[in-house]
Amino acid sequence: MIICDFCSSPDVKWWYPARDHDCWAVLSLDEENNLESKTARSVGAWAACEECSKLIEAGDKAGLLRRSVKTCERDPLDPEKKITAIVTADIHAGFWANRTGPRYEEKGGERVEKNSL
Ligand SMILES: [Zn+2]
């Protein structure tokens with residue numbers, strides 16, 4: 001199932017074309033205690049629901065970040081929330097830096113471009 005890349009809503013309406021890029025990395029120890037890095041790569045367009053798309057179209061980066069962190073389904077008092085916000089901000093920075101064009105909808109397998117709000 002396709003979900004919004006920003007808030008995980010299943011109601012995806014828009015797509016944002018973007019260059020492929022590394023979006024986050026984690027360091028861990030392998031079985032011999034050597035540091036190993038694992039990198040997640042963003043490939044292709046980003047999916048967005050109507051609400052997240054409104055924030056993107058308005059250029060409201062802080063609002064989009066708040067929405068993403070809020071929908072992580074964590075207790076707001078959870079100390080990990082701050083870490084989640086930092087990681088999410090990093091992932092969003094990759095989106096803003098690698099977005100390549102206007103949003104579009106897919107209808108019947110066809111790509112339909114719409115102007116920004
Ligand atoms: Zn969303």
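**A48 and its surroundings**

Leaving out residues up to four places away in sequence, A48 touches C4, D5, F6, V12, W14, Y16, S53 and I56; touching here means C-beta atoms, placed from the backbone, within 7 Å. This is a predicted model, in which local features need pLDDT of at least 70, side-chain atom pairs count only at pLDDT 80 or more, and totals for chains, interfaces and linings use all residues. Residues are numbered from 1 along each chain as its sequence is written.

**Confidence**
- The protein chain has a mean pLDDT of 85, with 86% of its residues at 70 or more; pLDDT is the predictor's confidence in each residue, from 0 to 100.
- Helix α1 (residues 50-57) has the highest confidence, at 97, and strand β6 (residues 110-113) the lowest, at a mean of 76.
- Helices (H or I, at least four residues) and strands (E, at least two) are DSSP runs, numbered from the N terminus.

**The largest nonpolar core**
- Among its 15 residues, C4, Y16, A48, C52 and I56 touch the most other members.
- Two or more residues come from each of β1 (12-16), β4 (46-49) and α1, and β1 gives the most, with 4 residues.
- Such a core joins buried Ala, Val, Leu, Ile, Met, Phe, Trp, Tyr and Cys residues through C-beta atoms within 7 Å.

**Helix α1**
- Its buried residues (20 or more other C-beta atoms within 10 Å of their own) are C52, S53, L55 and I56.
- These residues lie on the same side of α1 because they cover an arc of only 160 degrees around the axis, taken from the directions from the helix axis to the C-beta atoms.
- Their cover includes β1, β4 and α2 (61-70).
- Just after α1, G59 has a positive phi of about 70 degrees.

Definitions and conventions. A residue is buried if 20 or more other C-beta atoms lie within 10 Å of its own, exposed if 12 or fewer, and partly exposed in between; C-beta atoms are placed from the backbone. Two residues are in contact if their C-beta atoms, placed from the backbone, lie within 7 Å.
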